[in-house]
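Let's take a friendly walk through this structure, looking at rings, charges, helix packing and a couple of individual residues.

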Amino acid sequence: MKDVVIVGAGKIGSTIAGMLVAAGDYRVTVADRSREQLDRLDVPGDVERAAVDVEDVLGFTRLLQGKFAVLSAAPYHLTIRVAEAAKAAGANYLDLTEDVATTRRVKQLAEGARTAFIPQCGLAPGFISIVASDLIRRFDAVDTVRMRVGALPQFPSNALNYNLTWSTDGVINEYCEPCEAIVNGELREVPPLEEREEFSLDGVTYEAFNTSGGLGTLCETLKGGVRTLNYKTIRYPGHAAIMKALLNDLRLRDRRDVLKDILEQAVPTTLQDVVIVFVTVSGTRGGRLVQETYAQKVYSRPINGVMHSAIQVTTAGGITAVLDMLANGDLPQHGLVRQEQVPLAAFLANRFGKVYAQEHGESHRAA
């Protein structure tokens with residue numbers, strides 16, 4: 001049995017807890033500063049609940065003492081506190097953050113650590129980097145890597161063509177912060193919500209545009225090795241124009257708390273969503289210019305008798321699979337572990353990673 005602490009008793013944290021408890025070989029503690037949130041935690045099985053604030057450095061570090069790992073499903077602005085406590089307590093550390101500044105701090109903490117620090121273990125960043133790295137290994141030389149991910153309602157019914165399926169803070173952050181990319185071989189920062197494009201998959205038209213954080217550590221890994229690398233979020237057409245008006249014209253970029261309140265009061269949540277993963281790599285193989293594409297859709301489904309959205313399933317499946325691979329000795333046991341170090345085949349074969357496997361969704365590969 002491995003003792004783990006999950007920080008955050010929200011939708012993703014509860015999904016992670018449910019998956020680990022059902023596995024039967026993890027003892028799970030869910031930590032949250034809100035006793036009310038902990039009381040609402042709906043997880044079949046035995047879960048310990050700890051009302052503790054990560055800002056209480058001594059109390060939180062004490063909670064992590066002797067634990068195998070801590071998994072952060074907390075808002076991105078609290079992630080650094082969790083990582084610092086993991087380092088102090090000697091626990092392995094995994095998170096879901098898309099925040100670039102936070103990940104830079106995690107990298108610093110990983111230097112000389114006797115345990116593993118594995119940031120960005122969700123969908124994007126996370127699984128999409130694992131997919132991209134698998135495709136890249138098939139080429140003699142890589143020219144272009146394009147990564148696209150979206151969590152969308154199956155039945156859009158408002159002007160935004162969107163429902164809240166994930167953290168509102170996280171969505172706003174990725175729409176506002178600068179985006180990393182490699183352009184003409186040079187590492188650049190590009191503006192969010194720009195460079196919009198359209199593409200079609202299974203007869204449905206989508207738009208995609210720059211958002212922050214989805215590349216994880218791939219920019220650093222591939223710098224000097226590719227001409228083009230970029231990440232864009234997938235939405236239905238029309239979404240980007242409205243969000244640009246809200247963030248730029250109405251200046252809600254500078255009043256994120258107001259924008260969060262507006263979105264959470266006006267845009268409903270839904271469990272009827274679909275996650276789209278679309279990665280295209282082009283380069284040379286055997287002296288020829290070729291392209292390979294990985295495209296997949298994952299839908300909402302029940303887990304342990306409880307219905308979960310596709311974004312919950314894919315995000316929780318990402319971090320639990322990586323945790324399981326770490327526990328099994330299939331990943332480096334100390335220092336920084338990047339998502340691109342995780343083998344795709346081993347990930348998909350893992351009992352948690354199987355939520356991404358082809359039989360659970362629609363998957364296409366083309367060369």
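This is a predicted model: local features need pLDDT of at least 70, side-chain atom pairs count only at pLDDT 80 or more; totals for chains, interfaces and linings use all residues.

## Starting point: a strand residue

Strands here are DSSP runs of E with at least two residues, numbered from the N terminus.

Is N230 buried or exposed? Its relative accessible area is 12%, and because buried means under 20%, N230 counts as buried. Setting aside neighbours within four places in sequence, the contacts of N230 are V145, R146, M147, R148, A181 and L215.

## Aromatic pairs

How many aromatic pairs does a search of the whole structure find? The search gives 9. In one of them, the ring centres of Y93 and F117 are 5.5 Å apart and the planes meet at 35 degrees, so this pair is classed as tilted.

Another pair joins F199 and F278, whose ring centres lie 4.9 Å apart; their planes are at 25 degrees, so the pair is stacked. Here too the pair links distant parts of the chain, with F199 in strand 10 (residues 197-201) and F278 in strand 13 (residues 273-285), 79 residues apart. Both F199 and F278 are buried.

Which residues form one aromatic cluster? They are F127, Y294, F347 and Y356.

K2 places its charged end over the ring of F68, at 4.6 Å from the ring centre. R285 does likewise with F139, its charged end sitting over the ring at 4.9 Å from the centre.

Two packed helices are described by the angle between their axes and the distance between the axes. For helix 7 (residues 168-176) and helix 10 (residues 256-266), that angle is about 125 degrees and the axes are 10 Å apart. The two helices are therefore oblique to each other, and helix 7 passes helix 10 in a right-handed crossing. On the helix 7 side the contact is made by T168, D169, I172, N173 and C176, and on the helix 10 side by R256, L259, K260, L263 and E264.

Helix 1 (residues 11-23) packs against helix 11 (residues 310-327) at an angle of about 50 degrees, with 9 Å between the axes. This angle makes helix 1 oblique to helix 11. Their crossing is right-handed. From helix 1, the residues K11, I12, T15, I16, M19 and L20 meet I311, Q312, T315, A316, G317, I319, T320 and L323 of helix 11.

Where does A85 lie? Its place is in helix 4, spanning residues 79-89. A85 has 5% relative accessibility and so counts as buried. Not counting residues up to four places away in sequence, A85 touches F60, T61 and L64. A132 is 47 residues from A85 along the chain, and the C-alpha atoms of the two are separated by 31 Å.

Conventions:
Residues are numbered from 1 along each chain as its sequence is written. Side-chain values use heavy atoms; hydrogens and water are left out. Rings of Phe, Tyr and Trp (its six-membered ring) pair if their centres lie within 6.5 Å; planes under 30 degrees apart count as stacked, over 60 as edge-to-face and the rest as tilted. Helices (H or I, at least four residues) and strands (E, at least two) are DSSP runs, numbered from the N terminus. Buried means under 20% relative accessible area, exposed over 50%, partly exposed in between (1.4 Å probe, protein chains only). A charge sits over a ring if NZ of Lys or CZ of Arg is within 6 Å of the ring centre and within 35 degrees of the ring normal. Axes are lines fitted to C-alpha atoms, for helices over the stretch in contact, and angles run from 0 to 180 degrees between N-to-C directions. Angles under 35 degrees count as roughly parallel, over 145 as roughly antiparallel, 65 to 115 as roughly perpendicular and the rest as oblique. A crossing is left-handed if the near helix is turned anticlockwise from the far one by less than a right angle, and right-handed if clockwise. Contact means heavy atoms within 4.5 Å.
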